[in-house]
Amino acid sequence: MGKATSRRFLLTIAGGTLLLLFISIGSNISTHTTKINILRHSISLVSSSSSLEPLGNFYFRQARAREHVKRAYVVLRRKVTEVPRWELCGSRITNTYWFDNINVVYTGIPKSGCSNWISSFVEAAGRLPPQLKEKDAVTYIHGKITSKDRLIHRSLENLQELNKLDEKGKIFSMIVLRNPWTRLVSGYRDKISDESKTGPSLKALSLHIYQKLHPGDPGAMELTPKESHNDGLFVSFAEFVAFLLESRSSNVHFKPQTEFLCAHSDYSYVGALELSDYHAREVFSLLKLNSSVTQPYDQSSDPRLSHTTEVAKALLSSLPQTVIDKFYERYKADFLLLNYSNFTDPNFPLPLVR
């Protein structure tokens, strides 16, 4: 199947996606001047499902999604090559996997559902042990089982072969994105905060931030990461965001999503974490593969009404306006990727690609 035929095939599939409304914010994006409305106004932390549009109204066509991704590339001054050049992805190939026996290439972005999707593809490839316990799954699928699938561990000859297969339309390449606001909150709650159910897993980073922001606490300077958390020394959300913006942390969980994307290759499919169940059903139907891995949001859940969204709204609304503005400027391209909603929008955290 040739490249042109492959694109027509993908557009035909995507054309069947529900498109009920067309809104100006999704169609009139200026790659240089667009800015999400981040003016502060009161936020109701208890949304009414009866006042919201059906979730299905936000399912988007792939042609529109890929157009938005390319516009983000323009802002970043990245060029998409005419033919696939996966070997040019540089350090980004660390997070890109080629499951060659099912002809799938997937770029996994931390805190954007990558563990679920990698698990899905490993299972579809017939390599996920059925007895694997949920608590061990993340370590397993990010470990040796997928080491050989990462492009960084492939030879140049192997990557050139991937380019040829992709050019012939035999490769299905995919990315899944997430609202930058909820990704920020998720990273904090899961990796830095004192919440007993989620974190902190990055104890050294958490202690480093605390020591930087509290130089007047001499006792903290001598603590180890484990001791700091035993003593209840945690960084607040506001402190964490301020540190993140000032330090430009290199930790993968907090890097802009655009830094993981391979602009040298035109992805076949662009998904959104917020619509992950829908995307999983469409992708595995398209590929004629099976996976029983549960996605973050299933058919019965609406991300706009979830507890995690309400927590995110509460945390984000507590930030000073100057910090909100600065975060948007730093992660502007991430918002452009799928025209993501601001946390004051009633449809937060959904993408507004339509």
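This is a predicted model: local features need pLDDT of at least 70, side-chain atom pairs count only at pLDDT 80 or more; totals for chains, interfaces and linings use all residues.
The backbone of Asn-103 adopts a positive phi of about 60 degrees, although the residue is not a glycine, and Asn-103 is partly exposed, with a relative accessible area of 34%. A positive phi, near 65 degrees, is also found at Lys-111, again a residue other than glycine, and Lys-111 belongs to the loop between E2 and helix H4 (114-124). Because buried means under 20% relative accessible area, Lys-111, with a value of 17%, is classed as buried.

A further backbone feature occurs at Pro-349, where the peptide bond from Phe-348 is cis, with omega near 10 degrees. Pro-349 is located in the segment that follows helix H16 (332-337).

Strand E3 (residues 172-177) and strand E4 pair in the parallel sense, and the pairing extends over 4 bridges. Within this pairing, Val-176 has Gly-271 of E4 as its bridge partner. In a regular strand the side chains alternate between the two faces of the sheet. Strand E4 (residues 269-272) shows such a division, in that Tyr-269 and Gly-271 point one way whereas Val-270 and Ala-272 point the other way.

Helix H8 (residues 180-191) comprises 12 residues and reaches 16 Å from its first C-alpha to its last, close to the 16 Å expected at 1.5 Å a residue. At the start of H8, a side-chain oxygen of Asn-179 comes to within 2.9 Å of the backbone nitrogen of Trp-181. The helix is mostly covered, with 11 of its 12 residues buried. The buried residues include Trp-181, Leu-184, Val-185 and Tyr-188, and among them are also Arg-183, Arg-189 and Lys-191. An α-helix has 3.6 residues a turn, so residues three or four places apart point the same way. The cover over the buried residues of H8 includes helix H12 (237-247), helix H14 (307-317) and helix H15 (321-330), together with H16.

Terms used
Residues are numbered from 1 along each chain as its sequence is written. Side-chain values use heavy atoms; hydrogens and water are left out. Helices (H or I, at least four residues) and strands (E, at least two) are DSSP runs, numbered from the N terminus. Buried means under 20% relative accessible area, exposed over 50%, partly exposed in between (1.4 Å probe, protein chains only). Two strands pair if DSSP finds at least two bridges between them. The expected span of a helix is 1.5 Å times one less than its number of residues. Contact means heavy atoms within 4.5 Å. A polar contact is a pair of N or O atoms within 3.5 Å; within protein, one must be able to donate a hydrogen and the other to accept it, and residues adjacent in sequence count only if both atoms are side-chain atoms.
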